[in-house]
Amino acid sequence: MGLRFAALVGALSLSVPAVAQIRPPLVLAAASLQESMTAAADAWAKKGHPRPVISFAASSALARQVQAGGKADLFASADEEWMDILQKDGLLADKTRSAFLGNRLVVIAPMGKGGQVTTRTLGKTLSAGPLAMADTDSVPAGKYGKAALEKLGAWSMVAPHVVRAENVRAALALVERGAAPYGIVYATDAKASPRVRVVGMFPAASHPPITYPLARLKAATNPESEGFRRFLLSGEGKAIFRRYGFSTR
């Protein structure tokens, strides 16, 4: 009995360090990736890996977090600009940056409300009341939206009525609650919500291409991070994002 107990204690003591080493990677992901990146993490976990921990926020906020020394393993941004900044700062692992997703920019209204919005009626319609947008100075969705409105000659009319949200999902929430009659979000955000509908779509040529780059951070220490990055870029991984309305590259 004593020998068997000692053997059991010894086995447990040997297994503790191994279990402690199996920790999940931390992924910083743009707010618009909530459903799709969560589904990808679930699929990775089903393969026997630790499920990645995902922190969702505006790409700008996440990039600044990395600049400030915040620890993370992967970063998925909603635009190339914030990834460019981190690369210039030397914060990305070499040869791990890839553009893997695309999106479309749309105008939404609460379900059952709001008429169709065209490029001809854009300025007049969106300036009639509060327009929910992600911050137009720093958040990718807001910057894309501002660029599109400027290109289409509607920004000067619309700008005084813009309600700036901290990220694209916060802008979506304003429209869902009826706090704003219209909002500008990604097509995938509209697809994720049963409480809004798409009433207009911006021409792709009216704004810079919407591209989501992915990279491993130089400070990454988790051995699972590279495997998950490769999974996201694989055919199986990209198929998950297509189910949620993203285009893949």
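Colleague: What should I know before reading the values?

Modeller: The model is predicted, so local features need pLDDT of at least 70 and side-chain atom pairs count only at pLDDT 80 or more, while totals for chains, interfaces and linings use all residues. Residues are numbered from 1 along each chain as its sequence is written, and side-chain values use heavy atoms, with hydrogens and water left out.

Colleague: Where is Ser59, and is Ser59 buried or exposed?

Modeller: Helices are DSSP runs (H or I, at least four residues), numbered from the N terminus. Ser59 lies in helix α3 (residues 59-67). Buried means under 20% relative accessible area, with a 1.4 Å probe and protein chains only. Ser59 counts as buried because its relative accessibility is 2%.

Colleague: Which residues is Ser59 in contact with?

Modeller: Contact means heavy atoms within 4.5 Å. Leaving aside neighbours within four places in sequence, Ser59 contacts Ala30, Phe75, Ser77, Ala78, Trp82 and Pro140.

Colleague: How is a pair of aromatic rings described?

Modeller: By the distance of the centres and the angle of the planes. Rings of Phe, Tyr and Trp (its six-membered ring) pair if their centres lie within 6.5 Å; planes under 30 degrees apart count as stacked, over 60 as edge-to-face and the rest as tilted. This rule gives eight aromatic pairs. One of them, Trp44 with Phe231, is tilted, at 5.4 Å centre to centre and 40° between the planes. The pair links helix α2 (residues 34-46) to helix α10 (residues 225-233), 187 residues apart. Both Trp44 and Phe231 are buried.

Colleague: Which pair is edge-to-face?

Modeller: Phe241 and Phe246: their ring centres are 6.2 Å apart and their planes at 80°, so the pair is edge-to-face. Both Phe241 and Phe246 are buried. Ring pairs also link them with Phe100, Tyr144, Tyr186 and Tyr212 into a cluster.

Note on methods:
Helix = DSSP H or I, 4+ residues; strand = E, 2+ residues; numbered from the N terminus. Buried < 20%, exposed > 50% of the residue type's maximum accessible area, 1.4 Å probe, protein only.
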